[in-house]
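Please look over the structure shown below before reading on. The paragraphs that follow lead through its loops, a pair of helices and the chain as a whole.

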Amino acid sequence: FVVFADEVHAIPKEVYEVLYSFLEDFSYQGRAYPPFTLIGATTDPGKLPSPFRDRFGIRLSLDFYELPDIETILTRSLGILAPSMTADPGAISSLAIRSRGTPRVANMLLRRTIDVLVVQAQVRITVELVDVAMEIAGVDRRGLTDIDRRILSAVIVRYKGGPVGLNAIAASIGESAANLESAYEPWLVREGFLIRGQRGREITPKGLIAYAEGGG
């Protein structure tokens, strides 16, 4: 059978000690257990103890989804969540662009859009309706959220475009550095709003444009 551990870097140290015994010979305190496959998922592999990380024979990294894949997921999800409703292709694309290459974000934005659709007594999702729903959700046409915009603002205004350390950014906007590093920075860097260098984070021309336009 398969044992799946999500965010495996966050489990207590004592649990690692138990798992070492299981992973060596499927036994613990002299008692044998059925063989199993352990799958560990983490957003921060650097926090895994080396002895634990080295016991995994296969290591894979997952990237963000491409737009066509997100559009396929959104179309399928709409059929599940609201089978009586339809969507214009442009509306699905508009949602996909805002979804940060992440299916759970795409599905969350779709649910917020369906909420607006129901309130307005409509049965078809249009680009205009997506814009209304996303304005309510605080997500601009690029996918930037309020926290994303605060990050860009901190780097540009407070730290003159950088370079600046992540801890300084986190302190200036009242968020934890760990949260910014795992939940926001990877996408901002991937999409070209920020550069992450040895001396810290720096704004890019794309980031300056997004800030100048108010994120919209």
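In which loop is the place of proline 163? Proline 163 has its place in the loop between helix H7 (146-158) and H8, where helices (H or I, at least four residues) and strands (E, at least two) are DSSP runs, numbered from the N terminus. This is a predicted model, in which local features need pLDDT of at least 70 and side-chain atom pairs count only at pLDDT 80 or more, while totals for chains, interfaces and linings use all residues. Residues are numbered from 1 along each chain as its sequence is written, and side-chain values use heavy atoms, with hydrogens and water left out.

Glycine 162 and proline 163 are joined by a cis peptide bond, with omega about 5°. Lysine 160 also lies in the loop between H7 and H8. Its phi is near 55°, a positive value in a residue other than glycine. With a relative accessible area of 71%, lysine 160 is exposed; the term exposed means over 50% relative accessible area, buried under 20%, and partly exposed in between (1.4 Å probe, protein chains only).

Alanine 121 is placed between helix H5 (103-119) and strand E6 (124-125), and counts as exposed at 66% relative accessibility.

The helix pair comes next. Helix H8 (residues 166-173) packs with helix H9 (residues 177-190) at an angle of about 100°, their axes being 9 Å apart. Axes here are lines fitted to C-alpha atoms, for helices over the stretch in contact, and angles run from 0 to 180 degrees between N-to-C directions. H8 and H9 are therefore roughly perpendicular to each other, since angles of 65 to 115 degrees count as such, under 35 as roughly parallel, over 145 as roughly antiparallel and the rest as oblique. Leu166, Asn167, Ile169, Ala170 and Ile173 of H8 make the contact with Ala177, Leu180, Glu181 and Glu185 of H9, contact meaning heavy atoms within 4.5 Å.

Finally, the whole chain may be considered. It has ten helices and eight strands. Its radius of gyration, taken over C-alpha atoms, is 22 Å, well over the 17 Å that the globule rule gives for 216 residues, so the chain is more spread out than a compact globule. That rule is 2.2 Å times the number of residues to the power 0.38. The C-alpha trace spans about 65 × 50 × 25 Å along its principal axes. Of the 216 residues, 37% count as buried.
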